[in-house]
Amino acid sequence: MADAKPKPEDLAGIEYRPRGGSWLEPAVAFRKGTFCYSAAPKNLEYLGLPNAREWQPYEQDWKLPPDWQRIILDGMKERLERYRSFRLFMDICVRCGACADKCHFYIGSGDPKNMPVLRAELIRSVYRRYFTATGRLFGRLAGARDLTEAVLKEWFYYFYQCTECRRCSVFCPFGIDTAEVTMIGRELLGLVGCNINWIVEPAANCYRTGNHLGIQPHGFKDSLDFAADELEEMTGLRIEVPINKKGAEVLFLAPSADYFGTPHYYTLLGYLLMFHEIGLDYTFSAFASEGGNFGLFTSHEMMKRLNAKVYAEAKRLGVKWILGGECGHMWRVLHQYLDTMNGPADFLEVPVSPVTGTTFENARSARAVHICEFTADLIRNGKLKLDPGRNDRWCVTFHDSCNTARAMGLFEEPRYILKSVCKRFHEMPENTIREQTFCCGSGSGLGTDENFEMRMRGGLPRASAVRYVKETSGVNLLACICAIDKATLPPLMEYWVPGVEVAGVHELVGNALVLAGEKVRSTDLRGEPISVKEGSGDA
Amino acid sequence: MNFLKALAVALGMIALAVMGSGFPVMRTFVAVVAPYAAMGLFLVGVTIRVFRWAGAAVPFRIPTTCGQQTSLPWIKPARLESPHRPIGVILRVALEVLLFRSLFRNVGAELRPGAKLTYGEEKLLWFGALAFHWSLLIIMLRHLRFFMEPVPRMVAVLERVDGFLQAGVPAWYVTDAVIFAALAYLLLRRLNDARLRYISLVADYLVLSLLLGVVSTGILMRHFWKADILAIKEFALGLVHFSPRAPEGAGAVFYAHIFLVSGLLACLPFSKLMHMAGIFLSPTRNLPNNSRMRRHLNPWNHPVRVHSYEEWEDEFRDKIKAAGLPLERP
């Protein structure tokens, strides 16, 4: 793989003028580096998903079931009735083109079918052909196409070249959300067994072990124990990390990458220090050991299947409410789907911070609170002693992750925290942050190595904005609150903007947090020396 | 080319109407049969389409949040861009419908050497679209004077305001000039930009061609080949009262005008023009951002197969025990 990776200068010359004839002619070349490999049969089988078989997208024969067209068309019909979003978005696009250059994959690749309007037209053309009078009557003239194998291959290529980031839907005058179209498109592909392994394997792991990485209970405990040991070394304090503790007040839910990934792990250390300092009565769950949900990238049904354990564990452990860690798509699920799919959470209580007494009114029904809401409230009420000087080696900017931005509206909380725990903070240009934030280019399960070129292309707009603040303000740290970001922004930075590192917000909280009875900390959570004199901040 | 196909249809319709205006049978067809048929198709078609949308479930509350959520009391929420109350949602949709809020956000991305991206304001599309839609609305309201006797005061006032320039006899309406310019811009934009040319279907050009035809014939009738207003008014009232008679002296341009309008009406329910109704139903705009505050109900929330804690404990029992974690059933 590594030998084939293109250099940044190879990717920088992008041709935006569409070439070739009409887009109605399906044409797709599965070029190495621009697509993801198929799901392994064992993973599909474990989840009971259809048409498990050995195949690869670049092969001629996709080994589809004989009646695959009927399966897809029936699936479309069903979804047109179940999702008003899908039905409406099939009908009302005027092709004004406002969405075109809003997509990071289009900006980074120049491929016209990556314009959100055309991505949706790939499926809309089939909708017209089989579900509208004009399409049946006028065919191509009405922009309708037959559902052929070539069209299906195009769907696979382009629906796994969309990160469901919803940026286009911010700019669409009708709010057409390509994420909805892509989600349905992927569901339909899944009906005939055309999934990618980078999504289905984590989903299968999660279904079995409770987390995407497939960490079993003893491994989970080892990892948390190891974290506690490390923290003892750094702070001189012995920190309890409760797991499956019945009767705790709070169930803490985090993406599993936090236990094993780098730089996620430093964020985990940050959480643990903070929970210790405020004396939070909480517990991890070794079964609900994953807040993330790759079901979101598979189908609504799979999302619900994986998500069920969250409330089930909260109920079994008898906690009062749920606190969720730093993760983007996990929070799309917790915020917009959890209560509807798996609720009502009437066995839980309305969340109240045990430290400040603040009632989280915005989580009154779902009873799940974002860690940034929780921490911002602590800081605002003066419950944390902070020494921002310990983060002096960082000049920080903040990357809004797509889901917490456009499917939640969590903008001020992380910024408030960052400005409290470090001294130098600079925003990226306004067209690249908040609701207009750009995706890391690897979200929605596309962060696999074989998809490297496309990820670097899709991440270009984000990287370009980071480079701008690096050059103008000396930014050297990209803070974020998303596990996929933490996994995929480091290679993106290395590729386009070397010299910028990536960290979770709570890593910086953990650094700045002055713990009662701690020894003088000589290193930060990364084990790097703290260069500044202790206590030089406003602590 | 897609544009030429669409243009041919529009021109063909004009030719048919113009030539037909010399024959009584064709006059009846163009001025009586076609408008009623078109109106029938329009009403039935739009109703069916809207009911079909309304009949589709809204399983999840999925607003696109374009501003700060309502969370902690000291953080200022974006009441319009991320509303959590119905009033905020109503205002948000109203802003979209009346002022094209989202289109106003439009920026153009440009790639500079060295893989640098810059973003520039791009308000022209918003301005052109807004100019077109508002002009169209005002023009349609002005047309009420043909269909109502006496002419409502509001319509008369609207006419006076629209014609305030008092240029020419009869006075040019501002909206006539604006809508023509806006449509020309929208068409040229589609033809001129390689990206838009690539995504444009015949239907996109057809709608623009028909609209340009309607506007042009309207302007021609008022200022150049002046039509017999009284005859047209009599005819229009006849249409409303279901006693239509095709006017004899109304002129060929009038026939082209009404035929194109009928064409537009008839194809509207089958076309993207349904966005005029769809915008009100868009789930990313017309739902509040309060899914954690109030539970949203999914009408088809089917049960799914899940992996229970008990199954999990059974599979990993030894490892859970070895790790010293508590078991439900030791």
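**Confidence and interface**

The model is a prediction, and it scores ipTM 0.96 and pTM 0.96. Chain A has a mean pLDDT of 96, with 98% of its residues at 70 or more, while chain B has a mean pLDDT of 95, with 100% of its residues reaching 70 or more. Over residues 534–539 of chain A, pLDDT stays under 50, although the model has ten contacts beyond four places in sequence for this stretch. Where pLDDT is low, the predicted coordinates should not be read in detail.

Once neighbours within four places in sequence are left aside, A:Ala479 is in contact with A:Val396, A:Thr397, A:Phe398, A:Leu418, A:Ala503, A:Val505 and A:Leu508. Strand β5 (residues 396–399) of chain A pairs with β6(A) in the parallel sense over four bridges, and A:Phe398 stands opposite A:Ala479. Strand β7 (residues 501–504) of chain A also runs parallel to β6(A) and is joined to it by four bridges, with A:Val502 as the bridge partner of A:Leu478.

**A four-stranded sheet in chain A**

Four strands of chain A form an open, parallel sheet in the order β2-β1-β3-β4, and its edge strands, each pairing on one side only, are β2 (282–283) and β4 (368–370). Strand β1 (residues 250–253) of chain A pairs with β2(A) in the parallel sense over two bridges, and A:Leu251 stands opposite A:Thr283. Helix α18 (residues 371–380) of chain A lies across β3 and β4 of chain A, running at about 65° to β4(A).

**Enclosed helices and a buried serine**

Helix α4 (residues 84–91) of chain A is largely enclosed by the rest of the structure, because eight of its eight residues are buried. Among the buried residues of α4(A) are A:Arg84, A:Arg87 and A:Asp91. The elements covering α4(A) include α3 (68–82), α6 and α10 of chain A, together with α2 (24–55) and α13 (275–278) of chain B.

Helix α8 (residues 149–159) of chain A is likewise largely enclosed, since eight of its eleven residues are buried, including A:Glu154, A:Trp155 and A:Phe156. These buried residues of α8(A) pack against α6 (116–131) and α10 (178–191) of chain A.

A:Ser109, in helix α5 (residues 104–109) of chain A, is buried, with 22 other C-beta atoms within 10 Å. Not counting residues up to four places away in sequence, A:Ser109 touches A:Ile14, A:Asn114 and A:Arg457. Its C-alpha atom is separated by 9.4 Å from that of A:Leu460, which is 351 residues away along the chain.

**Local backbone features**

| Cis peptide bond | Omega |
|---|---|
| A:Gly343 and A:Pro344 | about -5° |
| B:Glu149 and B:Pro150 | about 0° |

A:Pro344 is placed in the loop between α17 (338–342) and β4 of chain A, and B:Pro150 in the loop between α6 (144–147) and α7 (153–162) of chain B.

B:Ala115, although not a glycine, has a positive phi of about 55°; B:Ala115 lies in the loop between β1 (107–112) and β2 (116–121) of chain B and is buried, with 20 other C-beta atoms within 10 Å. B:Gln166 also has a positive phi, near 55°, in the loop between α7 and α8 (174–192) of chain B, but B:Gln166 is exposed, with 10 other C-beta atoms within 10 Å.

Methods:
Residues are numbered from 1 along each chain as its sequence is written. Chains are lettered from A and ligands numbered from 1 in the order in which they are written. This is a predicted model: local features need pLDDT of at least 70, side-chain atom pairs count only at pLDDT 80 or more; totals for chains, interfaces and linings use all residues. Two residues are in contact if their C-beta atoms, placed from the backbone, lie within 7 Å. A residue is buried if 20 or more other C-beta atoms lie within 10 Å of its own, exposed if 12 or fewer, and partly exposed in between; C-beta atoms are placed from the backbone. Two strands pair if DSSP finds at least two bridges between them. Axes are lines fitted to C-alpha atoms, for helices over the stretch in contact, and angles run from 0 to 180 degrees between N-to-C directions. pLDDT is the predictor's confidence in each residue, from 0 to 100.
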